[in-house]
Amino acid sequence: MTILQNAPATTVIRDSRRGMDVESLKRSFINHIAFTQAKVPGYASANDRYMALAMTVRDRLIERWIATRRAYYSRPDIKRVYYLSLEFLMGRTLGNSLVNLGMYDEAHQALFELGDDLEEMREWEEDAGLGNGGLGRLAACFLDSMATLALPGYGYGIRYDYGMFHQVIVNGYQVERPDDWLRLGNPWEIPRPEHTLRVRFYGRVEHYRDGRGRDRARWVDTHDIMAMPYDVPVPGYGNNTVNTLRLFSAKSTNDFELDYFNHGNYMQACEDKLRTENITKVLYPKDDCEQGRELRLKQEYLLVSASLQDILDRFCAQHEDWRLLPERAAIQLNDTHPALAVPELMRLLTDEQGLDWDEAWDLTQRTLAYTNHTVMPEALEKWPVKLLDKLLPRHLEIIYEINGRILETIHRRYPYDAARVQRMSLIEEGSEKRVRMAHLAVVGSHSVNGVSALHTQILKDDVLRDFHELYPDRINNKTNGITPRRWLRKANPALAYLITDAIGEGWIRNLDELRRLIPFAEDPEFRRRWREVKRVNKERLASYLRKRQGLLLDVDSLFDVQVKRLHEYKRQTLNLLHAITLYNRIKSGAEPDPVPRTILLGGKAAPGYLQAKLCTKLTVAIGDVINHDPDIRGLLKVAFLENYRVSLAERVIPAADLSEQISTAGMEASGTGNMKFALNGALTIGTLDGANVEIKDQVGPDNIFIFGLTAEEVRDLKSRGYDPRNRYLTVPELRTAIDQIAQNHFSRQEPGVFQALVHRLLDEGDPFLNLADFTAYVECQKRVSEAYRDAERWTRMSILNTASMGVFSSDRTIHEYTRDIWNVQPVPVTHVSSDDMLNWHDASGLADGIHIPHGGG
């Protein structure tokens, strides 16, 4: 127990919930220790102190949150953005809120004066791991930017009881453990049980004619569940805006349970309640069985149905004319997961509100927009027609109606092209009919955007070519971005302070200001300070990994880092083949004066993805051999970073020297890790894939290490016939590395454990072209070592990378969405007053649901 040295336990302290100065923060903190945690300050646990600090910060957020809602609802003419995403990888909230509120230093000082430490306290917060990787982290960055730009933006997602699993490495294998991120409570959320919404499943459809003789449909005999919202504040940087992330949790209906209880079937009542609430229990349930697929589809529909009901309730609170909907609401679908928004919005407008089909379709298309995040076939969702018919029968009818009308248009435009009709149909024919969710999102939206220039061109030329020809103005590019508040100002405070000292703090809101660093790349003293910051960050990471994983790292070595979701197209295997080659060169003396290198890999593999999980095992196995080989003399180390997540990324990225972005060209939509590393001064080694192309354009070819086949060359090689065995037989170092894996050099205790991986490379065609790019990659790594040997040159390149990252701010991305897709204007919050919280006679926008059905915000 830490005693708050300067806080007498018997002192009654005046409440202070709004002040941003050190003394106000101290008073508020101690009050929360006493009146929220019910503890005497001297006996408060570490978790008590974290919760008290979180509540202290939350008080200041809530005042601005209420002012923001008042500003939005005082103007019925404003247009709002609603961002629907199955993932929001928010990470930790405390530090980010302190930065955006502009009181990080004051909080640090207040705690210091009370005998506590802010950095230690931040470690008590669990990561809100409500996402798997770049998709969810992008959504979180976008919310930050919308608030910073004072845009009336809302996030809608799911409050998973268990987030992305907690990864433990046991004997080199990934073991998935539950991520019980809510076990100690979540001080950042506000439950809104009074605004719970009804979501329906199963049932049947009745058709009838209404009083005007129009064909209508009723969805009846449904099994209903309740979606209870939890609101999370999202503060902007340096302004008074606090927007809302609304997360839904599945709850059972009281009447459904009561029926069982009334008939004495208590066990059945409990089982059905548990089954219902399982819908939001786990992020991405395994979908390799019928039950798992049904649960995943239920998650997607719960998100869509609850969100759209909430959005339409907001609209109806201030408008009666449905023709205004596209002028008051912009709904962005983050990938295909929320694609059911198309039939659901049509159902709500036609079945519930009585609109004609053509009017409802016009409103739906003009309101919805879709972001595509992948060209990988397995990631373009296709739901079995049989499952949709069972779970959402009315939606399947609507999908068929949409399909029929779209196919009529295609027939008229291309009357003799049956193949095109088949390709563009929303229904994929075959032994099991499936609904193509990407196609559904494309036809139901007025805008479809890719997330990098290359990715968007691939959509136009290949994946969505037919739709691009039918709708030539619909597909556009919005290159992804990252928020500099979290990924530089918060994650790398030493570098942020150095940059601010040189050019001022304007870069935090306008990242283009970083270009003013370019002249400093020629300043020897500035370069020395830049290297000093990097070394401090490497020492910080090394200390953390020594305590957590027992790793001993040489901070003078080149930190070569690849951290991202484990997938074959991201080619962690190529990285490991180079590690083995470097090991063999050092051991044999073929590399007489090697640059010391630490190769760090990290990321999570999907539980059922064997090849990706083998990559984790191989990384650990290679490290076990190399790190204990006395012939290597510590010149090379390989390690796997356990349980990679946002908070660990904030330690790893500032410490990295080299950023591995080596996906097979044409397969990475964008990537945002590449941007985070470059913003923090790491140099990139990568293929011309995703946003790497645009990073190269910004930093210049001399400040990035590019290798390998282009996307066009990949397509050409595969069309001509690619033989990986030929590469294996003709490249001696490659053959040696693969033979070592196959012949158990790294797995003497588990012979044959890596045979599936070797088989994938040699006998299954090496689908991601590891062997094709091996020689170019190894040669490029040699250029990396030569550059790192020259500290002044490397530092100059590092500074120029950071200086060139302005275009990759998520603020720029959101500005482009606002200008080209959403047509939304900022609504600055100019007035924040405690009077707002005390004016009971004018509560519009102050508390969810007072004047606004289902939850204000």
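Predicted model: local features only at pLDDT ≥ 70, side-chain atom pairs only at ≥ 80, totals over all residues.

**Cavities, rings and a sheet**

Let me begin inside the protein, with the lining of the largest cavity, to which strand β11 gives the largest share, namely four residues. If we sort the lining of the largest cavity by class, we find 16 nonpolar, eight polar and seven charged residues.

How many cavities of 30 Å³ or more does the count give? The count comes to seven, and I will describe one further member of that set. The second largest cavity has a volume of about 160 Å³, and 16 residues line it, of which Glu 568, Thr 573, Gln 611, Arg 760 and Asn 770 are the closest to its centre. Three helices, α22 (572-588), α23 (610-626) and α30 (755-762), each supply at least two residues of that lining, which divides into seven nonpolar, five polar and four charged residues.

Two or more residues of the lining come from each of α3 (94-101), α5 (118-122), α20 (493-503), α21 (524-549) and α24 (646-655), and α21 makes the largest contribution, with seven residues. Which classes of residue make up this pocket lining? Here the division is 12 charged, seven nonpolar and five polar residues.

Now to the aromatic side chains. A pair of aromatic rings is described by the distance of the centres and the angle of the planes, and a search of the whole structure finds 15 aromatic pairs. In one of them, the rings of Tyr 156 and Phe 248 have centres 6.0 Å apart and planes at 5°; because planes under 30 degrees apart count as stacked, this pair is stacked. Tyr 156 belongs to strand β4 (residues 153-158) and Phe 248 to strand β12 (residues 242-252), so that the pair links distant parts of the chain, 92 residues apart. Both Tyr 156 and Phe 248 are buried, and together with Tyr 72, Tyr 82 and Tyr 154 they form one aromatic cluster.

Another pair has a contrasting geometry: the centres of the Phe 201 and Tyr 301 rings lie 5.5 Å apart with the planes at 75°, so this pair is edge-to-face. Phe 201 is in strand β8 (residues 197-201) and Tyr 301 in helix α9 (residues 290-318), and the pair therefore ties together parts that are 100 residues apart in sequence. Phe 201 counts as buried at 1% relative accessibility, and Tyr 301 is buried as well, with a relative accessible area of 0%.

Charged side chains also meet ring faces. Arg 80 lies over the face of Tyr 73, at 4.5 Å from the ring centre, while Lys 604 lies over the face of Phe 165, at 5.4 Å from the ring centre.

Let me finish with a sheet. Six strands make an open sheet in the order β22-β21-β20-β23-β24-β25, with parallel pairing. Why is one side of β22 and of β25 left without a neighbour in the sheet? The reason is that β22 (636-641) and β25 (705-706) stand at the edges, where each has a single partner strand. For β22, the pairing with strand β21 (residues 597-602) runs in the parallel sense over six bridges, and within that pairing Ile 599 has Val 638 in β22 as its bridge partner.

Definitions and conventions
Residues numbered from 1 in each chain as written. Heavy atoms only, no water. Phe/Tyr/Trp six-rings, centres within 6.5 Å; stacked < 30°, edge-to-face > 60°. Buried < 20%, exposed > 50% of the residue type's maximum accessible area, 1.4 Å probe, protein only. Lys NZ or Arg CZ within 6 Å of the ring centre and 35° of its normal. Nonpolar A, V, L, I, M, F, W, Y, C, P; charged D, E, K, R; others polar. 1 Å grid on protein atoms, 1.4 Å probe; cavity = no way out; pocket = protein on both sides within 12 Å on 5 of 7 lines; lining within 4 Å. Points joined across faces, edges and corners; volume = space filled by probe spheres on them. Pairing = 2+ DSSP bridges.
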